[in-house]
Amino acid sequence: MEITVQSSKSVKPDHLVSPSTVNVIPLTVFDRANLDTHVSVIYAFRSPAPSNAVLEAGLAKALVEYREWAGRLDDKRCAILLNDAGARFVEATAGVALHRVMPLQPTAEVLSLHPRGGGDELMLIQATRFTCGSLVVGLTTHHTVTDGGGWCNFIRAWGQATRGAAIDPVPVHDRSSLFVPRSPRKIEYEHRGAEFHHHARNRKEHRHRSSHGDGEVVAVERVHFSQELIAVLKSQASAGAASYSYSTVQCVVALLWQRITEARGLDGRETTSLCIAVDGRARMRPRVPDGYTGNVVLWARPSATARELAEKPLQQVAELIHQAVGCIDDAYFKSFIDFGSSGAVEEEGLVPTADAAEMVLSPNVEVDSWVRIPFYDLDLGGGRPFFFMPSYLPVEGVVILVPSFLGDGSIDAYVPLFTRHMDAFRDACCRHQTLLLPAKSGAAKL
């Protein structure tokens with residue numbers, strides 16, 4: 001897939017529409033605890049698609065309401081500097097019809113659908129036109145600015161501005177008053193080792209290895225969970241449950257955690273932890289406003305030995321996940337706010353456990369579920385996308401769940417493992433007669 005860049009420019013807010021004098025947005029403890037890195041996704045739209053000029057004009061209008069995306073991070077002040085330096089907008093063309101390369105596979109080839117580099121820009125967009133008239137949008141944003149919910153609010157606003165519609169929900173930029181620590185502070189949980197830890201006890205040396213630096217190569221497999229399979233998993237996991245059934249995500253994650261652990265060939269006594277993102281927007285009381293533009297994510301961390309995971313039925317693994325996620329409630333979020341504002345982080349030299357430099361998670365697994373985040377709501381004037389995926393992210397053990405592009409309620413899991421473990425992962429799935437993963441297609445099927 002040969003991609004040719006036609007132009008690259010910095011798009012600034014259209015201040016002729018709505019001038020503003022606010023120049024700094026302080027980062028919250030949630031922002032500072034999150035990954036200090038860019039995250040990329042890919043959208044595909046069928047022809048006819050709006051022109052690049054229309055997309056650019058809509059972007060400039062949306063940036064008036066979301067100036068942080070045209071700003072820059074100010075590390076010294078732990079803030080987003082609203083200097084209107086601009087978001088990167090790249091125009092490109094592909095020398096092939098889009099249907100010839102669909103569905104796009106999670107390989108390094110899709111990186112050509114994103115702007116190269118990044119520097120200090122917080123948002124980078126590449127609009128790639130294919131010979132058939134279809135459009136692919138590669139969107140890259142910095143995670144310190146917002147989480148998946150805030151990200152979707154912006155892409156929805158970009159589409160609304162492009163179509164000339166009112167922006168809804170109205171963005172809420174006030175990060176300082178929403179998460180005020182209690183007086184007196186009430187730190188009820190241990191946050192050292194959870195969201196923060198001592199730098200001296202940072203990652204084990206082997207986890208810093210690049211996926212290409214020592215001969216270890218990471219491949220990403222797209223695993224498809226059909227509606228039928230999800231129903232079977234939920235039935236197996238919830239059989240006999242007294243008052244509730246396990247969620248789709250909990251059942252899918254339970255199965256993947258078991259299969260990944262088996263495929264890695266861990267010693268049965270070795271402990272493996274599951275780090276699963278928990279959205280606090282609906283969990284906190286009062287509820288965080290829908291239009292909030294920052295991060296409100298913490299993590300649940302259930303653990304088990306490799307032997308326990310191998311021996312436990314799916315129901316018990318799902319229960320382990322269910323209990324851990326349930327503990328990350330309003331009280332936990334408020335305890336985290338109190339701890340993060342207590343001065344302990346600075347005094348003890350603590351650093352976030354969320355580390356973008358960590359390229360190998362084994363024996364652990366991280367799961368980011370985007371299943372309920374409305375990424376498909378991006379309508380730039382030609383209709384919703386027919387395809388969405390996270391971009392190629394070769395970080396061993398970081399699993400991303402998204403609604404399948406089939407649009408039938410099924411789920412796709414993007415699973416990155418060392419290539420030496422990938423065949424074992426496929427074999428483990430097939431041996432348990434749960435999934436059939438064809439090695440050539442890059443997508444799992446029943």
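Mentor: The structure holds two cavities of 30 Å³ or more. This is a predicted model, in which local features need pLDDT of at least 70 and side-chain atom pairs count only at pLDDT 80 or more, while totals for chains, interfaces and linings use all residues. Residues are numbered from 1 along each chain as its sequence is written, and side-chain values use heavy atoms, with hydrogens and water left out. A cavity here is a set of points, on a 1 Å grid over the protein atoms alone, where a 1.4 Å probe fits but cannot get out; lining residues have an atom within 4 Å of a point. Grid points are joined across faces, edges and corners, and a volume is the space filled by probe spheres set on the points.

The largest cavity has a volume of about 70 Å³. Its lining consists of Pro-106, Val-220, Pro-390, Ser-391, Leu-393, Val-398, Ile-400, Tyr-414, Val-415 and Pro-416. Strands E17 (398-403) and E18 (411-418) are the elements that give two or more residues to this lining (strands are DSSP runs of at least two residues, numbered from the N terminus). E18 gives the most, with three residues. By class, the lining of the largest cavity has nine nonpolar residues, one polar and no charged (Ala, Val, Leu, Ile, Met, Phe, Trp, Tyr, Cys and Pro count as nonpolar, Asp, Glu, Lys and Arg as charged, and the others, Gly among them, as polar).

The second largest cavity has a volume of about 40 Å³. Around it lie Phe-45, Arg-46, Pro-48, Ala-49, Pro-50, Leu-135, Leu-380, Gly-382 and Gly-383 as lining residues. They divide into six nonpolar, two polar and one charged.

How values were computed
1 Å grid on protein atoms, 1.4 Å probe; cavity = no way out; pocket = protein on both sides within 12 Å on 5 of 7 lines; lining within 4 Å. Helix = DSSP H or I, 4+ residues; strand = E, 2+ residues; numbered from the N terminus.
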